[in-house]
Amino acid sequence: MIASAFSQWSNQPRRYLYIAALSVVTMSGSVTPAHADVFDTVQAHGFLSQALIISRHNDFFGPSSRDAGSLEYTEIGANVSMRPTNNLLVSAQVLSRRAGDDNSSYEPRLDYGLLDYQLFANDSRVSGIQVGRIKHPFGIYNQTRDIAFTRPSILLPQSIYFDRTRSFGLASDGVLFYNEERLRNGIVYFAIEGGKPNLNGDAESALSLPSNDLSVSMNGRFSTLAQIRYEHDGGRMVFAFSAADVNANFNSGVDEVGDGKFKFQPIALSAQYNSADWSLTAEYALRKRKISGLDIADLNQSVIGDSWYLQYDRRLFADWRWLVRYDVMANDWHDRSGKQYENDNRGPAHSRFARDLTLGLKWQPRPSLLLSAEYHNIDGTGWIPPSDNKSEDLERHWDMLMFQASFLF
Amino acid sequence: MPRGMKVLVSIVMLLLWGGQAAHAHESVVLIANPSANPGNMTRETVRAIFAMRQRTLPNGEAAHVFVLPDKHPLHERFTKEILGVYPHQLRLSWDRLVFSGTGQAPNEVGSIEEMRQRVASTPGGLGYLEKGAVDDSVSVFAVE
């Protein structure tokens, strides 16, 4: 199955991208003066996760409320990296992901592909520059959001790490500068990035609302992102502030509506405490979304929504952890209940918010094997991907049970 | 002595004894390939190198980090006593680097003897041993 997933080379431009990425990896080895140990630095890693989702009332990631549930949540990835010189790291990862969408061929994408050059590294600081396709350092979990082992639960808190519109925050083709400053018992990390975001179909379908007959197409324009993070005492306490300004051209595909611009400006505050046996995590995000320049004035709109969650996870026995989380989002902070939205005949009120209570259990007998189960009790449909349900079928109160097996090397 | 007091005293004695037994271990030391001049590093630098965020040693040489498996008692003692973190936290930070393309995983060795041999034979090699197990094939770094 994995082999067939990776043999799908249906898309020509992507194929060239992979070949280019592979050539970079190979060439940077051959250009460097022949150190005997350069090829000793080559590493390959990968991961595979398969979930079973069983839900009541609404579908999530496939037909989860029907029959025996949905198996349409699969993540398969592989990466290769090497250090051609002392200061240089070259890495690339291919990801094949299906999350109830129409990616039934598991078509792989270049997840990241970058050169990371460390300009300085001494006792007080490390600073460097990354060039290529870079995963966004946003919040605590974004950079490795598709790897089950680095998530606290099967699903990340959807109020901040939307799977519905994940490509707005995922990765950009551009340049990132980072600096890590060492203090007596902690570090201050700063990163700033500029580039063109990789927007996918998820962004387009999410923005096709309210009138579904619009066949929207979007492409990324120059966008920026920054994060500052303080880690105290080897990561016992972590505080972070992240901000992004994501821009795209918005082509409605309808003559009367015309073309416009889309702007997404999220900021997030993150805090985490890690002890030997438990972690407490909280994040708050404020999200501003703006569409402008369209010929129909009603469609030009600016909305501010906010999100937060509080999460406690604890070691149970040596290899077991359990988790409880409460996760809240509002699409519009002037209309948290969605009533105004419903009164304006734009859609159901419950599509404008979501409150998710999650209980989770994980067993990791080895660093390479993880089995997880979790239960979500949800009020609201604010973060359900539009492809999973017809909007008139959605019910306000719903719940789901998820199981996931993950393997990593 | 009342019975409750006896129980309490016994528990305290047991705890003290247990504590002493824990300290009866020899201390863990940071070792390096002799190509690196022995010296000292700050704890934050050692953390950064073992967390794989810094790729070079203070002398500019490429660092090659060697670790024992997560559950090995010496690995647990090294991460707690020298780095001040827990093995599962270190594993999580490696996974985050490896799968975001911003770092590599350390080299895992299967035994203490292999640790000594690999550090001794790899220029830029860095690892750890119990103090009594150190010989001339590796040099010792002090952690400030």
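How many salt bridges does the rule find across the interface of chain B and chain A? Counting a side-chain nitrogen of Lys or Arg within 4 Å of a carboxyl oxygen of Asp or Glu, the rule finds five across this interface. One pairs Asp233(A) with Arg43(B), where the closest N and O atoms are 3.9 Å apart.

A word on the source. This is a predicted model, in which local features need pLDDT of at least 70 and side-chain atom pairs count only at pLDDT 80 or more, whereas totals for chains, interfaces and linings use all residues. Residues are numbered from 1 along each chain as its sequence is written, chains are lettered from A in the order in which they are written, and side-chain values use heavy atoms, without hydrogens and water.

To continue with the interface: 34 residues of chain B and 52 residues of chain A take part in the contact (heavy atoms within 4.5 Å). Together the chains bury about 3500 Å², 45% of it on carbon and sulfur atoms; this is accessible area lost on being put together, with a 1.4 Å probe, summed over both. Arg55(B), Phe99(B) and Gln104(B) supply 25% of the area that chain B buries against chain A, more than any other three residues.

I turn now to helix α5 of chain B, residues 112-121 (a DSSP run of H or I, at least four residues; strands are E, at least two). The helix lies across β1, β3 and β5 of chain B. Its buried residues (under 20% relative accessible area, 1.4 Å probe, protein chains only) are Met115(B), Arg116(B) and Val119(B). Seen down the axis of α5(B), these fall within an arc of 95 degrees, taken from the directions from the helix axis to the C-beta atoms, so they line one face of the helix.

Definitions and conventions:
Axes fitted to C-alpha atoms, helices over the stretch in contact; angles between N-to-C directions. Buried < 20%, exposed > 50% of the residue type's maximum accessible area, 1.4 Å probe, protein only. Buried area = accessible area lost by both parts, 1.4 Å probe.
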